[in-house]
Amino acid sequence: MPIKSHRTAQKRKPKTSKSFWRYLLGFFGFITLVFIAYLILVPAKYWDGKSRLALAIQDKSGAVKLSVFDPQTESITVITVPANTQVDVARQLGEWKIGSVWKLGENEKIGGSIISETVTKTLRLPTEGWADMGALGFTKDNNLAIWQSVIGAYKTNLSLKDRIGIAFFAQSVKSPQRNEIDLSQTPLLIRTKLSDGSLGYEVRDLSVAQISAYFADARISEENIGVSIFYPRSRMQEVQKLGEIIQILGVKVTSLELLTQDLVFNCKIVSQGNLTAKKIAEVFNCKTEIKNNQTGIQLLVGEEFFRRF
């Protein structure tokens with residue numbers, strides 16, 4: 001009897017093992033289906049695989065890597081802003097070296113968006129995305145580094161679907177289409193003594209076509225839709241800077257008009273829901289309103305917008 005019992009026990013083990021693997025495979029199958037449904041049903045936040053995306057990444061040294069992923073030219077361009085570049089920080093936070101801006105954003109409870117906002121404001125380069133050094137893999141010609149930036153844990157405003165889309169694009173871009181530019185070697189920056197007495201860089205020439213050309217979006221130029229900007233009377237100087245940034249995207253500013261009421265608000269874009277309006281909204285974090293009978297685009301910017309610009 002003991003021997004028979006022992007044999008019976010031995011026969012039951014494979015059944016338990018098969019049951020375990022069956023459940024495990026079922027679990028992973030379910031997770032896979034959920035993941036596929038997510039990719040199909042949930043829209044990406046910024047990356048659509050057709051329009052260029054500018055991503056400001058702060059590296060370990062404090063330098064900012066402005067990384068432009070452009071499906072139209074099938075290229076990736078990485079523009080390095082040295083850490084000791086003095087910039088006028090967005091949200092009226094004063095002048096700081098760009099290497100200190102990320103920490104400043106954390107201290108002010110703003111987060112990494114302060115980097116993309118400051119680059120857009122000070123360098124006039126429209127930048128919608130931001131991330132810490134965990135996203136640097138997207139700029140590498142190395143598949144392992146690229147996918148580490150997909151699954152890695154780091155601070156960014158990119159969604160998972162954005163990361164996956166950028167990864168597939170980055171894998172397809174070959175070395176000849178990968179460009180690196182050091183801003184300190186261009187007329188845009190000048191080496192000088194900064195306000196704290198140290199040597200560093202200041203922004204000098206904002207009309208460097210070689211740099212701004214990377215931030216234009218060919219699909220926006222093809223739409224050829226003009227934008228009218230409505231603004232408070234006291235913000236003429238700032239709205240001119242805003243117009244310059246919008247034009248670098250490839251959008252024609254058709255008019256600047258004064259707001260007559262309700263000045264205390266952020267920003268809103270009224271359009272037919274076209275790509276141009278979507279891109280402006282992404283860069284400046286504006287609300288959108290769709291009107292089917294709208295001709296052109298209206299960008300309404302209030303006092304709250306200029307307090308963070």
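How many disulfides does the count come to? In this predicted model, the count comes to one disulfide.

## The disulfide

Cysteine 267 and cysteine 286 are joined by a disulfide, with an S to S distance of 2.0 Å. The torsion about their S-S bond is about -105°, so the disulfide is left-handed. The pair links distant parts of the chain, 19 residues apart, since cysteine 267 belongs to strand β12 (residues 267–271), while cysteine 286 lies in the loop between α9 (275–284) and β13 (287–290).

Cysteine 267 has a relative accessible area of 5% and is buried, and cysteine 286, at 11% relative accessibility, also counts as buried, because buried means under 20% relative accessible area.

## The four-stranded sheet

Four strands, in the order β5-β4-β9-β8, form an open sheet with mixed pairing. At the edges stand β5 (94–97) and β8 (189–193), each of which has a single partner strand, so one side of each is left without a neighbour in the sheet. On average, and with direction ignored, neighbouring strands of this sheet are turned by 40° against each other.

The pairing of β8 with strand β9 (residues 199–203) is antiparallel and runs over five bridges; threonine 192 stands opposite glycine 200 in β9. Helix α3 (residues 113–123) packs on the sheet, where it touches β4 (85–89) and β9, and its direction makes about 100° with that of β4.

## Helix α5

Helix α5 (residues 160–172) has 13 residues, which at 1.5 Å a residue should span 18 Å, and its end C-alpha atoms are 19 Å apart, which agrees. The buried residues of α5 include Ile164, Ile166, Phe169 and also Lys161, Asp162 and Arg163.

Terms used:
Residues numbered from 1 in each chain as written. Predicted model: local features only at pLDDT ≥ 70, side-chain atom pairs only at ≥ 80, totals over all residues. Heavy atoms only, no water. Pairing = 2+ DSSP bridges. Helix = DSSP H or I, 4+ residues; strand = E, 2+ residues; numbered from the N terminus. Axes fitted to C-alpha atoms, helices over the stretch in contact; angles between N-to-C directions. Contact = heavy atoms within 4.5 Å. Expected span 1.5 Å × (residues − 1). Buried < 20%, exposed > 50% of the residue type's maximum accessible area, 1.4 Å probe, protein only. Disulfide = S-S within 2.5 Å.
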